Each structure stands twice: as structure tokens, then as C-alpha cells.
Amino acid sequence: MLIPKQFTTAVLELVSRASVSDEKVDLPLEVETRLVAAVFRGNSVYREVRSTFSNQDDLNTPCGTVRAWVIGLIWSAGLAGLNQFFAPRNPTLSVSVYIAQLFSYPMGRLCAAFLPTVVFLKDSPFAFTLNPGPFTIKEHMLITIMCNVSTSSVSFVTPIFLQQRLPMFFNLEWAGQWGYQICAILSIQLFGFGLAGIVRRFLVYPPQMIYYWVMSQAALNNALHNANDSHVHSWKISRFNFFFVVMGCMFLYYWLPNTIFPVLTFFNWMTWISPTNATLSILTGSYYFNLGLNPFVNSFDWNWFAGVIDPIYNPFFIVVQIIFSCFVWAVCVIIPVFFSNTWYTAYLPINSWYVYDNTGETYSARSVLGPDGALNQTAYEEYSPPFMSAASILRYGMMFATVPAILMFTCLWYSKMIVKVFRNAYKRTAAHTGFNDIHSRLISRYPEVPEYWYGSVAIGAGALGFAALYGWPTQTPGWIIPLGLFLSAAFVIPIGAVMSVSGYEASLEIYFDVIGGYAAQNKPAAFLLFKLMGNSVLMQTLSFVQDLKLGHYCKIPPKQMFAAQVVSTIVSSFVVLAVVNFQLSIEGLCNPAVNVHWVCGSTQTGFSSSLLWGMIGPERLFTHIDAMYWKIMLAMIAGLVWPIPWYFAKKRWPMSILRYAHPIVMMMGGIMWAPLNLSMMWQSLPFSWFFGVYIKDRWPGWWAKYALVLSTALTGGIALSALVQFFAITNSEVTVPDWWGTTQYTSTCDFRDCRYQTLDPGETFGPAGWH
């Protein structure tokens with residue numbers, strides 16, 4: 001078990017004091033020792049977990065009630081439908097789960113107040129009531145988990161149906177059939193769920209798998225249900241009132257940076273010094289395509305600089321390593337590569353995630369697409385090879401390096417735990433065997449879900465996947481299903497272990513791009529489906545794992561968790577498909593020349609990616625010795641070696657500052673560039689120190705009661721305010737008058753795509769020939 005060093009230090013000190021003399025230990029020391037032991041035994045050793053999740057549980061607390069199921073399905077279906085409806089739209093709108101959490105609470109309270117308490121089917125195994133009493137926090141958490149499940153299919157799965165069916169993309173008529181869509185979406189969704197259940201012994205039950213992100217959702221539910229008004233450091237306000245005060249203030253304030261005064265978001269004040277200076281804007285500009293290396297304040301928008309790395313619920317040692325590594329990778333790699341014009345990067349935006357041609361324009365993959373949907377070699381040689389920005393090159397290199405690094409990191413740090421869990425699973429011992437923390441002991445009192453339940457779901461999902469591939473002319477080999485499962489199963493434990501501590505969700509995307517590029521054989525439509533069946537399974541698995549951990553912390557009965565996740569997944573999938581088929585009937589969908597609102601930004605990007613990788617292929621980009629970017633493949637070797645010196649250094653100096661170093665987190669700084677920049681992260685650092693060090697150490701009671709509630713209230717206020725502003729301003733096409741606060745930030749090179757090196761009309765850059 002991984003124990004925080006502050007507890008280890010305290011215990012070592014007590015042992016040292018107790019062993020100074022052979023005489024009987026004095027009473028104060030004995031009391032102190034017993035208190036420390038009680039903390040270890042009776043609660044989590046992690047302060048964040050102790051402050052958020054109760055170390056007590058009542059087996060009789062209602063959870064999977066009729067009202068919880070009805071409210072949960074209403075909101076899971078509603079969120080799935082709304083998010084899918086707005087996903088292709090510009091500007092887009094994402095309805096947060098926090099909205100569902102907020103509004104499901106009064107719905108539950110109303111049900112408890114007005115529904116009848118009569119028991120139906122009394123004295124039978126199926127007895128139930130519509131109103132078992134007060135609306136409980138477990139019911140609310142089950143609703144929240146059902147809503148979490150419903151939001152993933154929108155980003156992971158549905159864009160492929162638009163890409164396959166619409167005439168402006170692949171124009172495949174069979175992709176509009178409900179049978180194919182149902183098989184495809186349920187295969188991916190349920191495959192991830194089955195795998196998540198199978199690996200829960202490794203990623204859910206061990207106490208060192210923390211998952212800081214889930215604490216924000218639990219903090220919101222605690223604020224709504226906990227009426228404790230005990231005073232902390234002279235603060236008398238309850239969590240409930242504190243939450244709504246903060247959320248109300250943020251709801252009002254967010255109108256300024258989001259609508260009325262947007263310069264507060266893009267506070268690129270350094271570019272105002274010399275508005276036409278391209279170098280200054282490239283280095284200090286706040287816009288996505290620049291680096292954002294502004295040493296002082298560059299935003300007054302909490303959502304902008306804290307939306308990526310929440311400085312309150314993420315530990316300070318994680319935040320500082322992410323931000324510092326971002327800066328180091330920028331200074332040591334991105335800037336030298338760019339200003340030396342290596343790989344012709346000086347002709348491109350420094351931090352762009354797009355691919356470009358040899359004139360500096362966005363790469364038009366359609367220009368090399370043949371009538372048969374494959375690469376037109378002649379057109380390719382007449383057009384251009386693809387070029388990437390300096391930050392994208394770093395990002396791809398780090399993505400190649402991260403996977404072997406995570407494997408090595410897991411072997412070094414978690415091998416004993418993994419071997420132990422495998423041994424227990426082989427012996428068919430109870431799922432919680434070996435995990436003696438308070439949350440495992442409490443949840444173990446509930447009947448566990450048999451392994452074969454999850455296995456059956458995975459097998460059924462695989463059958464649906466084969467049906468989707470072979471029941472329709474997808475031109476995709478069936479072996480991608482076992483390959484996708486194998487890769488996902490092989491990497492989900494190491495990737496999940498890193499994510500549980502760092503909050504970073506590593507992806508196998510680059511590896512599926514490479515493998516899919518070879519498997520598709522210059523057929524981008526087949527590549528698209530290959531990547532979906534592969535990479536999306538892993539992402540879905542990690543999403544389900546986080547929800548399982550949330551249920552574990554909150555003592556949701558495992559069988560009720562299983563039923564809620566499966567049913568809400570199926571229901572939300574059908575709702576999403578209904579919305580997708582409605583969208584397919586919209587005239588000019590995804591065609592900006594016909595419909596300026598339904599432009600399908602993410603769908604367009606995914607389509608271009610499928611053409612790039614599935615048609616041009618990884619051999620021309622990375623894997624051949626003549627490829628322009630083949631050298632970044634060497635990053636895999638560097639990634640494999642990277643964790644080793646850190647491991648032995650921490651072994652050699654266990655109590656030094658190195659104990660906070662996380663080698664994988666330090667690699668995240670290279671991956672977060674393109675599309676992110678430093679302006680979207682670095683201002684989290686002072687807030688993280690203030691709440692995670694100063695407040696946490698000096699006023700631990702205040703931090704435990706209010707800190708996570710504060711984080712959730714800020715996020716909830718932004719989500720609610722953005723929703724209202726969208727319908728009141730954006731969707732109604734209400735224009736905000738132009739003034740300095742709405743125009744100043746766009747008046748410099750930061751927003752005007754000023755290039756460091758430019759071309760004359762008709763001029764190109766790059767190699768003289770390519771094939």
C-alpha cells in the first residue's frame with residue numbers, strides 16, 4: 001500500500017521516540033501512537049479522501065430506488081441527447097453533469113415530499129415503494145453515475161456515423177441504417193464496461209488508486225445533503241450555503257469574461273506593446289496557436305486557466321510538476337526546433353494541432369483522395385507532403401515515449417501489487433482480499449458482482465462488433481476486435497494507475513494510428529472504424545473505471561452499480577442514435593457553405609485525420625527511414641529508460657524532495673501542448689500553492705470542509721452561466737456592442753496568425769520531391 005510521506009514521517013518519529021529507552025512508554029506517547037494507528041485503521045491515509053468520503057456506512061440506506069432510477073434515466077437520456085444535438089453546432093455547447101447533479105437534487109426532494117409511501121407487492125421478493133423516505137446521498141450519487149455514463153458516447157463514438165454517412169465525407173448509405181449503428185455503438189460502449197469490471201481489482205479496490213477528479217462530484221453531493229453547520233476557524237456558514245453563494249457569484253462573474261468583457265479571458269497584454277511583432281505574439285500570445293509564456297497575469301477567467309488543471313482538488317506536487325514540465329519542454333524543445341526552422345516549422349504556427357501543406361495552408365487531404373476512396377499517388381506527388389508544427393512534433397514524440405514509459409513505471413512501482421492481485425484472482429479469493437483500508441472493508445459487506453457478469457457483457461459486445469463489421473460492407477478486418485481488446489487490456493492497468501494519481505489519461509491513439517494506417521491499406525474509411533474499435537474501447541474503459549471508484553468510495557452496492565451503468569449506457573445510446581439520425585436529415589449538415597451553424601468541427605477534424613493516417617499512412621510520416629519525422633520514433637527508447645533513474649534515485653534518497661517526483665507526470669508537459677498552451681495552466685500554480693499548501697497546512701479544518709466544495713461551486717457556476725448565456729445570447733444571435741473589452745485582444749498578431757517566416761506568392765517550402 002502506498003502511504004503518504006507525512007504519515008510515514010509521523011510513524012517513524014513515534015517509533016524512534018518509543019525505542020529510545022527500554023523503559024515503559026509514557027502515557028502521552030502511548031495516546032499519540034494509538035491516535036495515529038486509529039487514523040490508519042479507521043479512515044483513509046489520504047487527506048483528500050478523508051475530507052470527501054465518509055468512513056461510515058449504513059447498509060439500510062436506500063440507493064437503487066424507483067425514484068432514483070427514473071430521475072437517473074431522465075437525466076442520462078437528456079444529457080446524452082442535448083450534448084449530441086449541440087456537438088456538431090458552432091458554437092457548440094456541452095451540458096455538464098454538474099447541471100444534472102444540481103437539478104436532480106430538488107427532483108429527489110420533491111419525490112420524497114409528494115410520492116405515496118405505500119408498499120407494492122408486499123411480502124414478496126419484489127416488494128417496492130415509490131417513496132422509501134428522505135432522498136438519500138446514495139440515490140443522488142447513483143443518479144450522478146448514470147449521468148456520467150451517458151456523456152461519453154457523444155465524444156467517442158457518434159462522429160463516425162456523420163463521417164461515414166454524409167455526402168461531403170465518405171457517403172456510405174449503409175452507415176445510416178439503425179442496425180449497423182446500434183451494433184457499433186453498443187459494441188464500443190459495453191466492451192469498455194466489461195473490461196472495466198474485469199480490471200476493477202487492479203484499478204478500483206487498491207486504496208492508492210485515488211482518482212482526484214471524482215472528489216469534485218462527491219463534494220457537490222456532500223454540500224447538498226450535509227446539513228452540518230459546525231464552526232471551522234470562525235467560519236459559521238454551512239457547506240450547502242457556501243456552495244450556493246460561491247456558485248451564484250461565479251454565475252454572475254462569468255458573464256464578464258465569456259460575453260461582456262472577453263479580454264479578461266485572453267488578457268494578452270504583452271502583445272499590446274508591439275501589436276505587429278510576430279515573435280512577441282508567438283512567445284507570449286494567449287491564443288491557442290501560440291505559447292502563452294507570459295510571466296505575469298494572462299487571464300482573469302477561472303475556466304480558462306483552471307479548467308485544464310484544477311488547482312484545488314489536484315495536489316500541489318502534481319500541479320507544479322505538470323506546469324514546470326510544460327515550461328521546460330517548451331524552452332528546451334519547441335522553441336529551439338521552431339526558431340531553427342527544423343522540419344520547416346518556422347513557416348507554420350508554433351503550437352498548432354493542424355497538419356499543413358508546403359504553402360503553409362491547412363493540408364487538404366481531399367486533394368489526394370482518389371475516386372475509389374484510396375490515395376491518388378500522382379495527385380499526392382503534385383500537391384505536398386504533410387508538415388507539422390513544432391509543438392505537434394513534440395506531442396507526437398512524447399505520445400510515442402509515454403506508453404513504454406508507463407509500462408516501465410508500472411513494473412517498477414506497482415509490480416508487487418499487481419502480482420498479488422493476480423495471485424488472489426487465480427485462487428478465486430474474494431475481490432477485496434488484500435485491501436484492508438476502511439472503504440474496502442465497508443463495501444465488502446455488499447454482495448460482489450461475479451466476474452462472469454462483466455465477462456458476459458464483454459463477449460456480447462464483441463459479438464455486436466463482429467456483426468457491425470461483417471453485416472455491412474465496412475471493408476474492415478475482423479481481427480481488429482481481438483487486437484483492440486488485447487491492446488486495451490494490456491495497457492489499461494498501467495495507464496489507469498498513472499491516471500488515478502496524476503489525473504492524466506494517456507492514450508494509445510498514436511499507436512492505433514500507426515497500426516490502423518497499415519491495416520487500412522490506404523482505405524481511410526476502414527482506418528476510421530479500426531481506430532474507433534481500438535482506441536475508443538480504452539477510453540471508455542477508463543471512464544467506467546472512474547465511476548466504479550466513485551461508487552466504491554460512496555458504498556454504492558456493486559450489483560446496483562452494475563445494473564445502473566449497463567441500463568443507462570443502453571438507454572443513452574439509443575437516444576444519441578435518434579438525435580444523430582435527426583441530424584443527418586438537416587440540410588447542409590457539416591457544410592459551412594450551406595449551413596453556418598452546423599459545421600461539425602470535431603467531425604471535420606476526425607475526417608481529416610482518417611485521410612492523413614488511413615490514406616497517406618504512417619510509413620510516409622514516421623516509420624520509414626526516408627520519412628520526414630522518423631527520428632521521433634526513437635522517443636520510444638527514451639521513454640522506456642526514463643523512469644529507471646527516478647526509481648533508483650527515490651530508493652536511494654526516500655525522504656528527499658525526490659519523493660514527490662512523478663516521472664510520468666513530468667512527461668505530460670510535452671503532450672499537453674497543441675492544442676493547449678501555458679496561459680491555460682500556469683496561473684493554477686499560485687492557487688494550488690495557496691489552497692494545497694498554505695490553507696491545507698495552517699487551517700486543515702477549513703480546507704477539509706470547504707476546499708473541494710469551493711472547486712465544485714466554481715465549476716458549477718461556470719457551467720450554469722455558460723448554459724444560460726448560450727440560449728440567451730449566442731443561440732438567439734444577440735450581438736454584444738463592440739468596445740475595447742471585446743476587440744483589444746484580437747487586434748494583435750496573437751489572433752492574426754502572423755508567421756515567423758513567410759513565403760512570396762507561388763513560393764513553397766520543404767523537400768524538392770516526395771513519394
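1. Let's start with Asp 753, which is partly exposed, with a relative accessible area of 41%. In this predicted model, Asp 753 sits in the segment after α33 (740-743). Its backbone is worth a look: Asp 753 has a positive phi of about 55° although it is not a glycine.

2. A second residue to look at for its backbone is Asn 341. Asn 341 is not a glycine, yet its phi is positive, at about 60°. You will find Asn 341 in the loop between α17 (316-339) and β3 (355-356).

3. Now for the salt bridges. Side chains of opposite charge can pair when their charged atoms come close. How many salt bridges are counted here? The count comes to eight. One of them joins Glu 139 and Arg 67, at 2.7 Å from N to O. This pair links distant parts of the chain, as Glu 139 belongs to helix α6 (residues 137-150) and Arg 67 to helix α4, 72 residues apart. Are the two partners buried or exposed? Glu 139 has a relative accessibility of 0% and so counts as buried. Arg 67, at 3%, counts as buried too.

4. Please also look at Arg 200 and Glu 451, which form a salt bridge with their closest N and O atoms 3.3 Å apart. Arg 200 lies in helix α10 (residues 200-203) and Glu 451 in helix α21 (residues 451-470), so this pair ties together parts that are 251 residues apart in sequence. Arg 200 counts as buried, at 2% relative accessibility, whereas Glu 451 is partly exposed, with a relative accessible area of 31%. Which residues are linked with them in a network of salt bridges? The network is made of Arg 200, Arg 201, Glu 448 and Glu 451.

5. Back to helix α6, where Leu 142 has its place. Leu 142 is buried, with a relative accessible area of 0%. What does Leu 142 touch, once its neighbours within four places in sequence are left aside? Its contacts are Cys 63, Gly 64, Ile 556, Gln 560 and Ala 564.

6. On the α6 side the contact is made by Lys 138, Met 141, Ile 145, Asn 148 and Val 149. On the α24 side, Phe 544, Asp 547, Leu 550, Gly 551 and Cys 554 take part.

7. A helix pair with another kind of crossing is α5 (residues 97-114) with α32 (residues 700-730). Their axes come within 9 Å and cross at roughly 95°. The range from 65 to 115 degrees counts as roughly perpendicular, so that is how α5 and α32 are described. From α5, the contact uses Tyr 98, Ile 99 and Phe 103. From α32 come Thr 712, Thr 715, Gly 716, Ala 719, Leu 720 and Leu 723.

8. Next, a proline in a loop. Pro 207 lies between α10 and α11 (214-225). Is Pro 207 buried or exposed? Pro 207 is buried, because its relative accessible area is 13% and buried means under 20%. The C-alpha atoms of Pro 207 and Lys 549 are separated by 9.9 Å, though the residues are 342 residues apart along the chain.

9. A nonpolar patch of about 720 Å² is made by Val 66, Val 70, Ile 74, Val 118, Phe 120, Leu 121, Phe 126 and Phe 128. Which element gives the largest share of the nonpolar patch? Helix α4 (residues 66-86) does, with three residues. Phe 128, another patch member, has its place in strand β2 (residues 128-129). Phe 128 is partly exposed, with a relative accessible area of 33%.

Definitions and conventions. Residues are numbered from 1 along each chain as its sequence is written. This is a predicted model: local features need pLDDT of at least 70, side-chain atom pairs count only at pLDDT 80 or more; totals for chains, interfaces and linings use all residues. Side-chain values use heavy atoms; hydrogens and water are left out. Patches are made of residues with over 30% relative accessible area and no salt bridge: like charges are joined within 9 Å, nonpolar side chains (Val, Leu, Ile, Met, Phe, Trp, Tyr) within 5 Å. Accessible areas come from the Shrake-Rupley method with a 1.4 Å probe; for residues, only the protein chains shown count as cover. A salt bridge is a side-chain nitrogen of Lys or Arg within 4 Å of a carboxyl oxygen of Asp or Glu. Helices (H or I, at least four residues) and strands (E, at least two) are DSSP runs, numbered from the N terminus. Buried means under 20% relative accessible area, exposed over 50%, partly exposed in between (1.4 Å probe, protein chains only). Axes are lines fitted to C-alpha atoms, for helices over the stretch in contact, and angles run from 0 to 180 degrees between N-to-C directions. Angles under 35 degrees count as roughly parallel, over 145 as roughly antiparallel, 65 to 115 as roughly perpendicular and the rest as oblique. Contact means heavy atoms within 4.5 Å.
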